[in-house]
Amino acid sequence: MENGSTKTGSAAWVEKLIHEFWATSPQNTLNNGTGEKAWGQPLVGFARATHPLFKKYCEDLSPFYWSPEQAFQLAFPAEPVPAAELSVICWVLPQTAETCADQSRETNMPAERWARSRDFGEKFNCALRLQLAASLTAAGYPAVAPERLPAFAYQHSGQFGIASNWSERHTAHIAGLGTFGLSDGLITVRGKAVRIGSVVARIDLPATAAAYSGYQDWCLWFAKGTCGMCIKRCPAEAINEAGHDKDKCLAYIREVSAPYAQRTYGTEATPCGLCQVKIPCEKSCPL
Ligand code: SF4
Ligand code: SF4
């Protein structure tokens, strides 16, 4: 079936579903009375569920990490489907120029726009996950957003500290959208000041070609031995030459920045993200 100029089930059709929801959903808002959208234009990538990194992450990231087919089966238990029949759709939602500018002026606490994007913007991201999965399923391509499954949870995984069943950043890396930085954030084609989402679907989509081969190729620290700007941006000293201390970061967010945002802006969620702006990888790959 044709939908405008795009064929139902094609990569262009899936991208259009994401872009239309971004453009038209009233949930894409900072909810600050100005009508501003929470996010800039999304960037979309695709991975095949057979990509070997999915299996590697199941082995390396945590004993409870899901493969795409495991996540799919949780949603469709009567319909076991091999990885070869599944694609993973991934998107990056970039912070707006206004949000990045405000956040760049801050040194200890998140700016109001940033706190609002972490709260209302992530609610939009959750709605996009569910809406895309529902649209695909209704069109005959059963789909699930792993992060929205009732079983999705964070747990302690020993070697890697706190970890979840599904990582949007790792999924985006497989889908050709970026590589990891010293601070553990994903440096995407649209930079590191982003939020990410994904859906697993029984659909045949072409894998996005990655312009990198390594896990940390786009970080100046690993590529050239320079930069380290994210170390200086972190008020909690949670980033150093050895990488990102998840426990220190989490403690700062839970005990300091999230209570501040709730008190000051009336927002929920867990904002900080000072390490995602005023750095060379804020808006794009810095190489
Ligand atoms: S700020 Fe510099 S060191 Fe930190 S992630 Fe970005 S490129 Fe790497
Ligand atoms: S989110 Fe905040 S506390 Fe965590 S590493 Fe970044 S700047 Fe530091």
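Here are some questions and answers about this predicted model.

User: What radius of gyration does the protein have, and what would a compact globule of 287 residues have?
Analyst: Happy to start with the overall picture: the C-alpha trace spans about 50 × 45 × 35 Å along its principal axes. A compact globule with 287 residues would have a radius of gyration near 19 Å, and the protein agrees with that, at 18 Å.

User: Which strands stand at the edges of the open sheet of four strands?
Analyst: The order in this open sheet is E3-E4-E10-E5, with antiparallel pairing. A strand with a single partner has one side left without a neighbour in the sheet, so the edges belong to E3 (43-48) and E5 (143-144).

User: Which residue in E4 is the bridge partner of Ala47?
Analyst: Strands of a sheet pair through backbone hydrogen bonds. Here E3 and E4 (residues 87-94) run antiparallel and are joined by six bridges. In E4, the partner of Ala47 is Val88.

User: Which helices give two or more residues to the shell around ligand 1?
Analyst: Ligand 1 has 14 residues around it, and those that come nearest are Gly181, Cys219, Cys227, Cys230 and Cys281. The elements giving two or more residues to this shell are helix H7 (220-224) and helix H8 (229-233).

User: How many charged residues are in the shell around ligand 1?
Analyst: Let's go through the shell by class: eleven of its residues are nonpolar and three are polar.

User: Which helix gives the most to the shell around ligand 2?
Analyst: This ligand is surrounded by 14 residues, with Cys234, Cys249, Cys272, Leu274 and Cys275 the closest. By class, the shell has ten nonpolar, three polar and one charged residues. The element that gives the most, with three residues, is helix H9 (residues 246-265).

User: Is Ala251 buried, exposed or partly exposed, and why?
Analyst: Ala251 is found in helix H9. Ala236 is 15 residues away from Ala251 in sequence, and their C-alpha atoms are 8.8 Å apart in space. A buried residue needs 20 or more other C-beta atoms within 10 Å, and an exposed one has 12 or fewer. Ala251 has 13, so Ala251 is partly exposed.

Technical notes: Residues are numbered from 1 along each chain as its sequence is written. Chains are lettered from A and ligands numbered from 1 in the order in which they are written. This is a predicted model: local features need pLDDT of at least 70, side-chain atom pairs count only at pLDDT 80 or more; totals for chains, interfaces and linings use all residues. A residue is near a molecule or strand if its C-beta atom, placed from the backbone, lies within 6 Å of it. Ala, Val, Leu, Ile, Met, Phe, Trp, Tyr, Cys and Pro count as nonpolar, Asp, Glu, Lys and Arg as charged, and the others, Gly among them, as polar. The radius of gyration is taken over C-alpha atoms; the globule rule is 2.2 Å times the number of residues to the power 0.38. Two strands pair if DSSP finds at least two bridges between them.
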